[in-house]
Amino acid sequence: MKTRQQIVAGNWKMNKNYGEGRELATEIVARLKPSDTKVVLCTPFIHLAMVQDLINGVSNLYTGAQNCHQEDKGAYTGEISVDMLKSVGVGYVILGHSERREYFAESDELLAKKVDKVLAGGLLPIFCCGESLDIRDAGTHIAHVEAQIKAGLFHLSAEDFAKVVIAYEPIWAIGTGRTASPEQAQDMHAAIRALLASKYGAAAADATTILYGGSVNGGNAAVLFAQPDVDGGLVGGASLKAEEFITIVEATK
């Protein structure tokens, strides 16, 4: 039995209009059974206040944003601040997702600033890291992920680092139907935990929740989550189907 906090975060990405989002969230709330696993619904911004209202009173269900800006306020048309997220009850923020890094050119330096802003606002970052297929095939995937973590997180104090959730996402397995084998996932999660121990100590590393993200679904979740260093998942497409998402949540038991 793992002692670390188990988390399943559903990343809806840019899907579901308001009515569809309400329907999905309502069904998830109805199907979710009490457990020690934290469930985070990371929805488009238009859904956050509505979902927060729906989940009030559900002890293990939380809202999460998919991004935030690194500044408190200002002339940043189209962006959203930590304070805005906090004002509607958001608990978590995904940072550094591969799609943000690739499509919006988010750098390690920028992500470090966003991590600081999220923590300063009292929210919890889900910090993403991962490698492309070219990097995996070149055999430099562990060094690549280690560099992302060092640049984005290693400036943090031990106290602040303890609030961070890490999500490993092999980019070549996101939305492709191709999943890292349980052994590949475990190897990377173990390498991440060893890196954390070298900076913050073994106890801190052992307490850090590390999620796997990359085509997690109802069929493969149980074997992935059974790996000793995999503490749940950051779920994409399968989080848009309530029944399958709940199957994934229940696979953490």
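Tutor: Start with one cut-off. A residue is buried under 20% relative accessible area, exposed over 50%, and partly exposed in between. Keep in mind that this is a predicted model.

The structure holds 13 salt bridges. Take K163 and D160. Their side chains meet in a salt bridge, with N to O at 3.5 Å. K163 has 35% relative accessibility, so it counts as partly exposed. D160 has 25%, so D160 is partly exposed as well. Elsewhere, salt bridges with shared partners link up. They join R4, R193, D206, D229 and D231 into one network.

Next comes a pair within a helix. E27 and R31 lie in helix 1, which spans residues 18–31. Four residues separate them, about one turn of the helix. Their side chains form a salt bridge at 3.0 Å, N to O.

Now look at R100 and E106. They form a salt bridge whose closest N and O atoms are 3.0 Å apart. R100 has 19% relative accessibility, so it counts as buried. E106 is buried because its value is 7%.

Helix 4, residues 98–103, gives the largest share of the lining, three residues. By type, the lining divides into seven nonpolar, six polar and four charged residues.

Last, turn to the nonpolar side chains. In soluble globular proteins, such side chains tend to be buried together. Here the largest nonpolar core has 62 residues. Within it, L153 and I192 have the most contacts. Helix 9, residues 182–200, gives this core six residues, the most of any contributor. Apart from this core lies another, of twelve residues, including Y92, I94, I126 and C128.

What does I192 touch, leaving aside its neighbours within four places in sequence? The answer is C129, V145, I149, I166, Y168 and I210.

Notes. Residues numbered from 1 in each chain as written. Predicted model: local features only at pLDDT ≥ 70, side-chain atom pairs only at ≥ 80, totals over all residues. Heavy atoms only, no water. Helix = DSSP H or I, 4+ residues; strand = E, 2+ residues; numbered from the N terminus. Nonpolar A, V, L, I, M, F, W, Y, C, P; charged D, E, K, R; others polar. Core = buried A, V, L, I, M, F, W, Y, C linked by side-chain atoms within 4.5 Å. Buried < 20%, exposed > 50% of the residue type's maximum accessible area, 1.4 Å probe, protein only. Contact = heavy atoms within 4.5 Å. Salt bridge = Lys/Arg side-chain N within 4 Å of Asp/Glu carboxyl O.
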